[in-house]
Structures are given as C-alpha cells and as structure tokens.
Amino acid sequence: MKIRYLLILSLFSIIMISCARKVSSNQLNESPIAVNTSVPASSTPAKSLALSAQSQESTAIKSGTFVSGEHTTQGTVNITTKNGKSFLELEQSFKTSELGPDLVVVLHRSNNVIGSTKPPSYPLKSGDYIIIAPLKEYSGAQTYSIPSNINLADYKSAAIWCRKFNATFGAANLSS
C-alpha cells in the first residue's frame with residue numbers, strides 16, 4: 001500500500017516538474033518585450049529602477065524609542081508617509097515580550113504614556129488611544145497602515161498594549 005502511494009506521488013511530481021518547465025520555456029519564448037533601439041539597453045532598466053525607487057520612498061515624519069512598561073519593550077518606531085498614505089513602522093531593533101495574549105499597536109494622545117499611567121500594568125483609558133492593528137510579530141521590522149481618517153497631530157505616542165489585561169508593554173514618545 002505504501003509503495004502504491006509512493007509511486008503515485010513520484011508520478012505526480014514528475015508531471016508537475018515537466019509542466020513547470022514547459023510553462024517557463026513558453027514564457028521565455030512568447031514574452032512580449034519591447035526594445036527601444038534609440039537608447040542603449042543597459043541604461044533603460046537603471047533609469048526605470050531609479051524613478052521607481054524615488055516614487056516608492058517613504059518620508060519619516062515622527063519617530064521615537066520604546067520605553068518598557070509592563071514588560072521589556074525596546075526598539076524604534078517611525079511614522080512615515082508614502083504615496084500620500086501614513087504608516088507606523090517598527091524597525092528591526094524592535095522587541096517585546098511574548099507573554100501578551102492580545103497585543104495590539106496603538107497611537108496614544110499622551111507624550112508620556114508610561115509616566116502618565118500606574119505600574120505595574122500601566123492601564124490605558126478609553127478615548128486616550130486608537131488601535132492601529134494586532135501586533136504581527138514580537139520582534140523585528142513590521143509595517144502597519146494608518147487609516148486616513150486618523151489625525152496624526154492628535155497622537156503623541158505609539159504603544160504596544162495588551163487589550164485583554166489592559167497592560168501597556170511599552171511606549172514611545174513620537175517627535176518630529
């Protein structure tokens with residue numbers, strides 16, 4: 001019985017590989033590539049990439065460094081704009097505790113979230129913050145889209161907050 005399944009799996013793999021090779025060779029032969037003969041071919045892609053990179057660049061408008069609250073939280077956060085949209089970006093240096101069951105990224109009205117709340121949990125009051133999104137990862141670079149209806153001038157800090165236990169893991173004062 002095991003041999004039968006192995007043979008079927010092998011046959012399926014061979015068919016998939018041959019189909020993939022056939023598709024990729026057809027794409028190479030049939031892909032419509034227009035070549036501008038008046039411009040040297042090597043400079044066209046470089047110019048296109050440079051223009052594309054310029055239009056894709058993001059501009060940092062605010063940034064801050066996390067201060068620990070309920071749990072150790074570290075790293076840098078930036079508020080950036082790109083193509084008219086705002087983003088909250090956690091840099092590669094970002095790291096927080098994995099102990100939160102419901103961690104979210106928030107923008108807060110206070111410029112000193114940890115100092116204006118009480119230990120040990122540093123609870124947030126409704127109306128003082130807006131949730132941007134659930135935290136994707138406990139560490140590393142991450143980007144979150146900020147809805148266009150949020151007035152960034154109203155918010156002075158970014159924080160990592162455990163919604164379930166109303167505990168602020170860490171916060172960063174955002175300055176220009």
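The structure is a predicted model, in which local features need pLDDT of at least 70 and side-chain atom pairs count only at pLDDT 80 or more, while totals for chains, interfaces and linings use all residues. Residues are numbered from 1 along each chain as its sequence is written, and side-chain values use heavy atoms, with hydrogens and water left out.

The predictor's confidence in each residue is given by pLDDT, which runs from 0 to 100. For this chain the mean pLDDT is 80, and 68% of the residues reach 70 or more. Over residues 18-55, however, pLDDT stays under 50, and for this stretch the model has 2 contacts beyond four places in sequence, a contact being a case of heavy atoms within 4.5 Å.

The secondary structure of the chain comes to 2 helices and 10 strands, where helices (H or I, at least four residues) and strands (E, at least two) are DSSP runs numbered from the N terminus. Read from the N terminus, the elements follow the order α-α-β-β-β-β-β-β-β-β-β-β. Among contacts between residues at least 6 apart in sequence, 64% join residues that are at least 24 apart.

An open sheet is formed by 8 strands in the order E7-E6-E9-E10-E1-E3-E4-E8, with antiparallel pairing; two strands pair if DSSP finds at least two bridges between them. At the edges lie strand E7 (129-134) and strand E8 (142-146), each of which pairs on one side only.

Within this sheet, strand E3 (residues 76-82) and strand E4 (residues 85-90) run antiparallel and are joined by 6 bridges. Val-77 stands opposite Leu-90 in E4, and Lys-82 stands opposite Lys-85 in E4. The two strands E3 and E4 form a hairpin with 2 residues between them, and Asn-83 in the turn has a positive phi of about 55 degrees. E4 also pairs with E8, in the antiparallel sense, over 5 bridges, and the bridge partner of Glu-89 in E8 is Thr-143.

Of the 176 residues of the chain, 31% count as buried, where buried means under 20% relative accessible area, exposed over 50%, and partly exposed in between (1.4 Å probe, protein chains only). Ser-86, which is placed in strand E4, counts as buried because its relative accessibility is 18%. Leaving aside neighbours within four places in sequence, Ser-86 is in contact with Thr-80, Thr-81, Tyr-144, Ser-145, Ile-146 and Leu-152.

In soluble globular proteins, nonpolar side chains tend to be buried together. A nonpolar core is here a set of buried Ala, Val, Leu, Ile, Met, Phe, Trp, Tyr and Cys residues joined through side-chain atoms within 4.5 Å. The largest such core has 24 residues, and those with the most contacts inside it are Leu-88 and Leu-107. Two or more residues are given to this core by each of E3, E4, strand E6 (103-108), E7, E8, strand E9 (157-162) and strand E10 (167-173). Not counting residues up to four places away in sequence, Leu-88 touches residues including Val-77, Ile-79, Val-105, Leu-107, Tyr-144, Ile-146 and Ala-158. A second, separate core of 10 residues includes Val-106, Ile-114, Tyr-122 and Ala-159.
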